[in-house]
Each structure stands twice: as C-alpha cells, then as structure tokens.
Amino acid sequence: MSAGDLQTIRVLRLKNCGRNFSDRTCATIPYRLKQHLEVLQLTGCYRLSDGGLSELLSPCTESLMSLDLTCNSRLSVDGLRAIRTLANLQELVLDHCSHLSDYDLLQLVDCCGDPSVMVLSLIHI
C-alpha cells in the first residue's frame with residue numbers, strides 16, 4: 001500500500017483488539033488515513049484512553065460520520081469532549097462504556113440533540 005492509497009481509505013474497523021490497541025497504537029496511524037475516515041469502529045479496544053481517542057479523532061472532525069466505541073471501558077467525559085468536535089457525526093455507539101456516568105451522557109445527548117445525529121446507542125452503561 002502506498003502513501004497515496006491511505007487517502008482512499010474511508011472505513012476502519014478494529015474489533016476486539018483488546019490490550020493490543022492502545023494510545024501508542026493511535027499515534028502510529030498515519031494522519032493522512034485519519035483525515036479521510038468516514039466510519040471508525042473501535043469495539044473492544046479497552047486500553048484506549050480519552051487522550052488516545054482525542055488524538056485519533058482530531059484529524060477527522062469534518063469527515064467522520066459513524067463512530068462505534070462499544071466496550072471501551074476507559075473512556076470518560078474527556079473522551080466525550082473529543083466526540084463533540086465531530087461536525088458531521090450521524091451515528092454514535094457507546095454501548096457498554098462503563099466509566100461514563102448518566103450525567104456525562106446527558107451532556108452528550110444535549111450536544112448531539114442536533115437532528116444530524118440519527119443513531120445514538122447507549123446500552124448498559
């Protein structure tokens with residue numbers, strides 16, 4: 001894969017990476033790839049922290065439309081702040097994110113009350 005090919009990747013699905021996907025891993029993903037992502041699925045990447053999520057999302061604030069963070073137990077209100085910067089987000093899944101409080105989620109729902117967010121899933125938090 002050449003560097004130019006990275007700009008054509010729109011969907012990145014990393015499921016059940018567990019302890020193998022950490023903040024350090026986020027730093028190794030090329031900026032050009034992150035910049036054009038439309039769908040990002042990071043389910044079961046339980047070593048991902050708020051800082052790693054922020055770093056991962058910062059280049060794709062205009063392009064990302066779908067974000068699935070199911071079973072990422074280290075995410076907290078700081079991670080939600082990074083999610084709020086996603087201008088074109090249409091789908092957000094935060095199922096089984098145990099460190100998020102009801103209050104945190106209410107703030108997010110207020111923020112995502114925008115009609116452009118068509119799917120918001122918050123199961124067993």
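Me: How many disulfides does the structure hold, and how do you know that Cys97 is in no disulfide?

Reply: This is a predicted model, and it holds zero disulfides. For Cys97, the nearest cysteine sulfur is that of Cys71, 7.3 Å away.

Me: Why is Cys97 called buried?

Reply: Its relative accessibility is 0%. Buried means under 20%, so Cys97 counts as buried. Cys60 is also at 0% relative accessible area and is therefore buried by that cut-off.

Me: Why is Ser76 called buried?

Reply: The relative accessibility of Ser76 is 19%. The label applies under 20%, so Ser76 counts as buried. Ser76 sits in the loop between strand 3 (66–68) and helix 4. Leaving out residues up to four places away in sequence, Ser76 touches Asp50, His99 and Leu100.

Me: What makes a set of residues the largest nonpolar core here, and which residues have the most contacts inside it?

Reply: Membership requires buried residues of the nonpolar kinds, joined through side-chain atoms within 4.5 Å. The largest such set has 30 residues, and those with the most contacts inside it are Leu40, Leu57, Leu67, Leu69, Ile83 and Leu94. At least two residues of this core come from each of helix 3 (50–57), helix 4 (77–83) and helix 5 (102–111). Beyond its neighbours within four places in sequence, Ile83 is in contact with Leu53, Leu57, Leu67, Leu69, Leu89, Leu92, Leu94 and Leu108. In soluble globular proteins, nonpolar side chains tend to be buried together.

Me: How do you know that strand 4 pairs with strand 5?

Reply: Three bridges join strand 4 (residues 91–93) to strand 5. Pairing needs at least two bridges, so these strands pair. They run parallel. Within strand 5, Leu120 is the bridge partner of Leu92.

Me: What makes strand 1 and strand 5 the edge strands?

Reply: The five strands form an open sheet in the order 1-2-3-4-5, with parallel pairing. Strand 1 (11–13) and strand 5 (119–121) each pair on one side only, which is what the label says. From one strand to the next, the twist averages 5°.

Me: Which element has the lowest mean pLDDT, and which the highest?

Reply: Strand 5 has the lowest, at 73, and strand 2 (residues 39–41) the highest, at 96. For the protein, the mean pLDDT is 84, and 86% of its residues reach 70 or more.

Notes. Residues are numbered from 1 along each chain as its sequence is written. This is a predicted model: local features need pLDDT of at least 70, side-chain atom pairs count only at pLDDT 80 or more; totals for chains, interfaces and linings use all residues. Side-chain values use heavy atoms; hydrogens and water are left out. Buried means under 20% relative accessible area, exposed over 50%, partly exposed in between (1.4 Å probe, protein chains only). Helices (H or I, at least four residues) and strands (E, at least two) are DSSP runs, numbered from the N terminus. Contact means heavy atoms within 4.5 Å. A disulfide is a pair of cysteine sulfur atoms within 2.5 Å. Axes are lines fitted to C-alpha atoms, for helices over the stretch in contact, and angles run from 0 to 180 degrees between N-to-C directions. pLDDT is the predictor's confidence in each residue, from 0 to 100.
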